[in-house]
Amino acid sequence: MASSSSPLFTSWQITLITLTTISFLSSSSFPASAVATKQNPTSPFKKIYAFGDSFTDTGNTRSITGPSGFGHVSNSPYGITFFHRPTNRYSDGRLVIDFVTESLSLPYLPPYRVVSSNASADSTHGVNFAVAGSTAIEHEFFVKNNLSLAITPQSILSQLLWFNKFLDKVGGPECKFDDALFWVGEIGVNDYAYTIGSAVPGDTIQKLGVSRVTSFLQALLKKGAKYVVVQGLPLSGCLPLAMTLAPEDDRDSIECVKSVNNQTYSHNLVLQAKLQELRKQFPHAVITYADYWNAHLAVMKNPSQYGFTESFKACCGKSDDPYNFDVFATCGTPSATACKSPSQYINWDGVHLTEAMYKVLSDMFLKGNATHPPFSSLLDMKLHNG
């Protein structure tokens, strides 16, 4: 990783925060669960509980407003591909968690903030607690290090508190999770981004971030969670944001930002070791690791095999920029435009992926070999246990 005092990485931090803020504003008008699939009574799972950050969030940030100076941002073109309107998802369409619910013939998950504020909201088939901008480490850590971010003070432990409140509302400690799938989406990239340019070393973020996620998983397992999928960190060095800000000599064999990809790879190794420990502590639970990093890498090595013609440019952004990415013209702002064929692009807005890419990743997780043990094994175990 480059020196923490590098101006490049200070810009990285500011840019990511700005894009996240604009994304909050650009997806603030429509219900999160705009479309639901028909439930299959023979589905192995009856409900899903999801956690994570913007890669999994389906509406928990819809009411958040950013700092003054940005004004109101157009909702379009988020959601144009599948929903044909913005639905509080950070993509042109569906996310991995949406494809997971479809594969299990369940409705799309309502965000917790809708469920908690609307008595008529249906949480029968699960709830999504993921929040865009969320961190693995608690917000107080960033405050202590003069890195207070008022945009999204939630962490993975905040989501655990929400989950506890939800359980108290629907049944308290007597709740059983025999028919529930727990999907823990990517969480931790924001921790690194928010501390870049500070005196906090990456090793500290790795240690604390993995520790917090481990504690979170232990809490779920102690409550009785039996079927858990945990996504690793993505190949974030291939995102237009990273490609735009990193020096040209910081590249790996697939022409992505080497220092960033090395950091997330290392984080994932530590996380996987912790998951193995949890499997020993909770032998009756099935804990599956979704290898986001290597799944993304497989696509980057041979994009045409998966139908992609553009690996690095953002579909939605400033078209005259080399990567279609400019912090002052991010997707959803009046000066940004969207490509005509999002399905040919891997990247959507510079930080998040297109529905087409999420579909490819979902297939790798649910039907391919990017989960360890395979997701099919988790399903078999569920069917065997009834």
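Visitor: What should I know about the ground rules here?
Guide: Residues are numbered from 1 along each chain as its sequence is written, and side-chain values use heavy atoms, leaving out hydrogens and water. The model is predicted, so local features need pLDDT of at least 70 and side-chain atom pairs count only at pLDDT 80 or more, while totals for chains, interfaces and linings use all residues.

Visitor: Thanks! In which order do the strands of the open sheet come?
Guide: The order is E2-E1-E3-E4-E5-E10, 6 strands with mixed pairing. Strand E2 (126-128) and E10 stand at the edges with a single partner strand each, so one side of each has no neighbour in the sheet. Strands (E, at least two residues) and helices (H or I, at least four) are DSSP runs numbered from the N terminus, and two strands pair if DSSP finds at least two bridges between them.

Visitor: Which strands does E4 pair with, and over how many bridges?
Guide: Strand E3 (residues 180-184) pairs with E4 in the parallel sense over 4 bridges, and Leu-181 has Tyr-227 of E4 as its bridge partner. Strand E5 (residues 286-290) also runs parallel to E4, joined by 5 bridges; there, Val-230 is partnered with Tyr-289 of E5.

Visitor: Is E4 buried or exposed?
Guide: Mostly covered: 5 of the 5 residues in E4 (residues 227-231) are buried, meaning under 20% relative accessible area with a 1.4 Å probe, protein chains only (exposed is over 50%, partly exposed in between). Tyr-227, Val-229 and Gln-231 lie on one side and Val-228 and Val-230 on the other.

Visitor: And which strands does helix H7 lie across?
Guide: Helix H7 (residues 202-223) lies across E1, E3, E4 and E5, running at about 175° to E3. Angles run from 0 to 180 degrees between N-to-C directions, with axes as lines fitted to C-alpha atoms, for helices over the stretch in contact; contact means heavy atoms within 4.5 Å.

Visitor: Switching topic: where is the cis peptide bond?
Guide: Between His-372 and Pro-373, with omega about -10°. Pro-373 is in the loop between strand E10 (371-372) and helix H12 (375-385).

Visitor: What about the phi of Glu-255 and Asn-324?
Guide: Glu-255 has a positive phi near 70°, and Asn-324 has a positive phi of about 55°. Most residues other than glycine have a negative phi.

Visitor: Are those two buried or exposed?
Guide: Glu-255 counts as partly exposed at 47% relative accessibility, whereas Asn-324 counts as buried at 9%.
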